[in-house]
Amino acid sequence: MNGPQDLGGQMGFGPVAPEKDEPYFHAAWERRALGVTLTAGAMGAWNIDESRHARESLHPADYYASSYYQIWIKALEELLKRHGFISERDLAEGRAVDPAATPKRVLKAENVPAVLAKGGPCDRPVATPARFKAGDPVRTKNFSPTGHTRLPRYARDKQGVIEAVRDGFVFPDSNAHGKGENPQWVYTVVFNGPEIWGEGADPTLTVSIDAWESYLEPA
Amino acid sequence: MSHDHDHDNEFDPFAARVRALETILTEKGLIDPAAIDVIVDTYETKIGPRNGARVVAKAWSDPAYADWLRRDATEAIASLSYTGRQGEHMQAVFNTEETHNLVVCTLCSCYPWSVLGLPPVWYKAPPYRSRAVIDPRGVLEEFGLTLSAEKKIRVWDSTAELRYLVVPMRPQNTEGWSEEQLAELVSRDAMIGTAVATVPA
């Protein structure tokens, strides 16, 4: 979706302002926000693509006014409601009022190290051979899907070159919407700065994205 | 409960919101608060940019390891026991005399947690995510890094599940240094690409 998350090339946000010796957390609640998000995700009711889509579906004004942990929590509340784990009444009262759906699993403290060490690999076998090879010129798709996609606006309808054929990976555009993993080949595609940004672009700049095969056409 | 929330301002509405959510989920038996404690402890004390710095120092010291890292970063990094969440599919990119590498996630905040730990706030915020792909030199200036005009810049937008680790160039006058000494020269920012390795005094 052409949502607030699609930030590449937008202007007006000001300087980056790196913080020297930045702590991992800026408030105690951020620790709990990280943990609640990960433990709730471990219930197995949604995947990473659905959670990313929930975050980018916040109203743009809300998204830009929120810190990243706030974005996580706001999206998590939506996911928990969508999957029947919490209700508006629960949230209004700040305690468990309504019954909850049954999770696939509950992450216990003793299992955390193994679960974090395992992660969530999303490479998958793809039945068909890769359509492109390194060095192939390609053009990215021009589209504006209302659902989740990982092709940023600045890299749509642009000519680039396949730099590397990666692996088969779960396709987020369908997986985010419960329509299956439908794995596709992923490629690293590199673009010249002027191809993306046009007049006045930095001629020393190249930008790459990692693109699923269906985002690409031969050029 | 083994944890406390006493460090939050009790009038901070967001702290109250997170506390309420944790309470609801705990009362329903959906999450284990002790698991949250372990997660927080892991990312606050065990997994951080020292992991990545050891990878870089080993690559600087051992050409065979550097070659492995170039070909199969996931396995090469796993050989140092750095695996797991948000490091499942790693790619190492090497700075050269000709090219400086910079990593961003314009669409969210993808970051190689297994080698760098949790990302800093600026990495996740709109100024960096919007500008890194269009004005990387301007961004680097804000980090105090000025690249020569002829140096090429390659920006890697982590739009899929590959996670990128920048391998900065080894500083001069470090011949004979141990991997432990070399790792001290490698900052988190140098492995994102917003800095270079520290030049020894």
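Which residues in α4(A) do A:Ser51, A:Ala54 and A:Arg55 in α2(A) meet? The first of these close-ups of a predicted model takes up that question.

**View 1. Helix α2(A) meets helix α4(A).** From α2(A), A:Ser51, A:Ala54 and A:Arg55 meet A:Ile71, A:Trp72, A:Ala75, A:Glu78 and A:Leu79 of α4(A). By residue type, this contact divides into 5 nonpolar, 1 polar and 2 charged. Now look at the geometry: the two axes, of α2(A) and α4(A), come within 8 Å and cross at roughly 115 degrees, which makes α2(A) roughly perpendicular to α4(A). The crossing of α2(A) past α4(A) is right-handed.

**View 2. Chain A touches chain B.** Here 73 residues from chain A and 68 residues from chain B take part in the contact. On the chain A side, the elements giving two or more residues include α2 (48-56) and α4 (68-82), the helices of the previous view, along with β2 (159-169) and β4 (205-212). The largest share on this side comes from α1(A), with 11 residues. Sorted by type, the chain A side has 42 nonpolar, 14 polar and 17 charged residues.

**View 3. Strand β4(A) joins strand β3(B).** Follow β4(A) across to chain B, where 5 bridges join it to β3 (residues 152-157), with the two strands running parallel. One pair to pick out is A:Thr206 with its bridge partner B:Arg154 in β3(B).

**View 4. Strand β3(B) also pairs with β2(B).** Within chain B, β2(B) and β3(B) pair in the parallel sense over 6 bridges. You can find B:Val104 opposite B:Asp157 in β3(B). Strand β2 (residues 99-104) of chain B is mostly covered, with 5 of its 6 residues buried.

Key: Residues are numbered from 1 along each chain as its sequence is written. Chains are lettered from A and ligands numbered from 1 in the order in which they are written. This is a predicted model: local features need pLDDT of at least 70, side-chain atom pairs count only at pLDDT 80 or more; totals for chains, interfaces and linings use all residues. Two residues are in contact if their C-beta atoms, placed from the backbone, lie within 7 Å. Helices (H or I, at least four residues) and strands (E, at least two) are DSSP runs, numbered from the N terminus. Ala, Val, Leu, Ile, Met, Phe, Trp, Tyr, Cys and Pro count as nonpolar, Asp, Glu, Lys and Arg as charged, and the others, Gly among them, as polar. Two strands pair if DSSP finds at least two bridges between them. A residue is buried if 20 or more other C-beta atoms lie within 10 Å of its own, exposed if 12 or fewer, and partly exposed in between; C-beta atoms are placed from the backbone. Axes are lines fitted to C-alpha atoms, for helices over the stretch in contact, and angles run from 0 to 180 degrees between N-to-C directions. Angles under 35 degrees count as roughly parallel, over 145 as roughly antiparallel, 65 to 115 as roughly perpendicular and the rest as oblique. A crossing is left-handed if the near helix is turned anticlockwise from the far one by less than a right angle, and right-handed if clockwise.
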